[in-house]
Amino acid sequence: MSQTNVVVVGAGVIGLSTALVLSKHKSLNVTVVSKHMPGDYDIEYASPWAGANFMPVGKEGSNLRAFERATWPEIDRICRELPEAGVHYQECRVYGRKKDEGTAVGIWFQELMKEDPWFKDLMPDLRILGKSELPSSCDTGTSFKSVCINTAIYLPWLAGQCLKNNITLKRGVLSHISEAPSHHSTGSASIILNCTGLLTSKLGGVMDTTVYPGRGQIAVVRNEPGAMYTTSGTDDGPDEAMYIMQRAAGGGTIIGGCLQHGNWDGQVDPNLAERILQRAVDICPLLAPETGKVTELSVIRHGVGLRPMREGGIRVEKERIGKDWVVHNYGHAGYGYQSSWGSAWAAEKLVLDILEKEGKMAKL
Ligand code: FAD
C-alpha cells in the first residue's frame, strides 16, 4: 500500500495527540520532529508545566468551546479505562467574586464561574454551592466532577502510544516550516502539521505575530487538598490567580498561579511564590491541617510555564506555504489539554480534505 508522508512539528500535548489521531490511518506514515520531547522541562515547552485539569472556559461560538465539548468524553474514557495514562477524577470547586469581572483572570474564567454554565450537560455532578460551602471572600460557586492529569506520566504515555502506532519520534530544530519534509523518516513528506505552540511566533514561514506568552507560575507540593479549587481572582493584582489541583499517581499538588500577558520571563519570582502558597492555604485549609500556615507546605519545586496565547483563539487551519500543505494546530493558551482531542480531530479533518482534493483518498 502506498503511503502519504506526514510530518508533525512539535511534541507537546497538541503535536502528540494530533500525531496519534493521524496514525490511526494506515495509509499515513507519520514522523514527529521536535526541539523538546516528553521528559524535558524548558521555558519554551508549555505542556509539562500544566496542572493539568479540565475546567471548561470556551466562549459562545468559539472553536475552543467545540473542542472542549469534543475532548471531555475522550479524556473521561482515558481516565476510566487506561490507568497507565496518569489521569484521575477529582471534584472541581470554582468560586466566583463579583469584583473580578473584567480582570485578566476574571475574563479567562468568565464562563467557568457561571452558575448556569453551558457545560452543565457535559461535566458530571454539576451543582450550585450553598452560601455555607463558600469561602467568606466569594459570592458564588459551583462544583462538578472533573479530572487532573499528571503531565509527567501523560506526555510519555502519549509518546508511547505514538511509538506503538509506528510513528517515528525525533529531535530537530526548524528555523523555517519548509524544512519539515526533510525531517521525515523517509526524507520527504507531502503534509506538515504545525503544532509548535508559542514558538509559532518565531517560526519562519508562519511568524504569527498574534501569538504571545501568558506567563504562569506554579508550585508543586506534597500536601493533599482533597479536591480541586479555583477562584475568579485574588486581591493581589488583576493577573494573579488561585488554583489548586492534585495530580494523579503521586504527581503532587499543583498550586497556581498567574496569567501575565506578554511576559516571557522564565525565572521564578520568589515574592509571587509566597503569595501563591498563602492564597492556597487561605482557600483550602486542608492543605495545612495542623497549623494553617504556609510553613506546613512541603514544596517539591516552583516553576514557570508560558501558555501559548493567540489573539484570535486556537488556530486549526490549512494553508499552502510554498509548495507544501501545512495544517496549523496551535494557540491553545491555558487550555491545551482540555481541548487537545477536539482540535486534533479538527486537524485530522483538514488533512483528509487535502488528500481528497489531491485525489489520494482512495489510499486511506
Ligand atoms: P508546547 O507544549 O509548548 O509544545 C510545542 C512543541 O513544539 C515543543 O515540543 C517544541 O519543542 C516544539 N517546537 C516549537 N518550535 C519548534 C521548532 N522551530 N522546531 C522544532 N520544534 C519546535 N491546559 C489545560 O488544559 N489544563 C490546565 O490545567 C492547564 N494548566 C496550565 C498551567 C500552566 C502554568 C501553563 C503554563 C499551561 C497550562 N495549560 C493547561 C495550557 C497547556 O499547557 C498548553 O495549552 C499546552 O501545553 C500547549 O501545548 P502545545 O503542544 O501547543 O505547546
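Arg-80 is exposed, at 51% relative accessibility. That value sits on the exposed side because the class begins over 50%. The model is predicted, and this value, like the others here, is computed from it.

Asp-76 is the salt-bridge partner of Arg-80, with N to O at 3.0 Å. Burial requires a value under 20%.

## Asp-236 and Arg-279: a pair across the sequence

Asp-236 and Arg-279 form a salt bridge, and their closest N and O atoms are 2.8 Å apart. Asp-236 sits in the loop between strand E9 (228-231) and strand E10 (240-246). Arg-279 sits in helix H5, residues 270-283. The pair therefore ties together parts that lie 43 residues apart in sequence.

Asp-236 is partly exposed at 36% relative accessibility. Arg-279 is buried, with a relative accessible area of 8%.

Some salt bridges share partners. In this way Glu-91, Arg-93, Arg-127 and Glu-133 are joined into one network. The structure as a whole holds 24 salt bridges.

## Lys-35 and Glu-44: a partly exposed pair

Another salt bridge links the side chains of Lys-35 and Glu-44, at 2.8 Å from N to O. Lys-35 has a relative accessible area of 37%, which makes it partly exposed. Glu-44 is also partly exposed, at 34% relative accessibility.

## His-184: a buried loop residue

Where does His-184 lie? It is placed in the loop between strand E6 (168-171) and strand E7 (191-194). Its relative accessibility is 3%, so His-184 counts as buried.

Which side chain makes a polar contact with the side chain of His-184? The partner is Thr-186, at 2.9 Å. Leaving aside neighbours within four places in sequence, His-184 touches several other residues. Among them are Asn-5, Val-6 and Val-7. Asn-29, Val-30 and Thr-31 are also in contact with His-184, as is Ala-189.

Definitions and conventions:
Residues are numbered from 1 along each chain as its sequence is written. This is a predicted model: local features need pLDDT of at least 70, side-chain atom pairs count only at pLDDT 80 or more; totals for chains, interfaces and linings use all residues. Side-chain values use heavy atoms; hydrogens and water are left out. A salt bridge is a side-chain nitrogen of Lys or Arg within 4 Å of a carboxyl oxygen of Asp or Glu. Buried means under 20% relative accessible area, exposed over 50%, partly exposed in between (1.4 Å probe, protein chains only). Helices (H or I, at least four residues) and strands (E, at least two) are DSSP runs, numbered from the N terminus. A polar contact is a pair of N or O atoms within 3.5 Å; within protein, one must be able to donate a hydrogen and the other to accept it, and residues adjacent in sequence count only if both atoms are side-chain atoms. Contact means heavy atoms within 4.5 Å.
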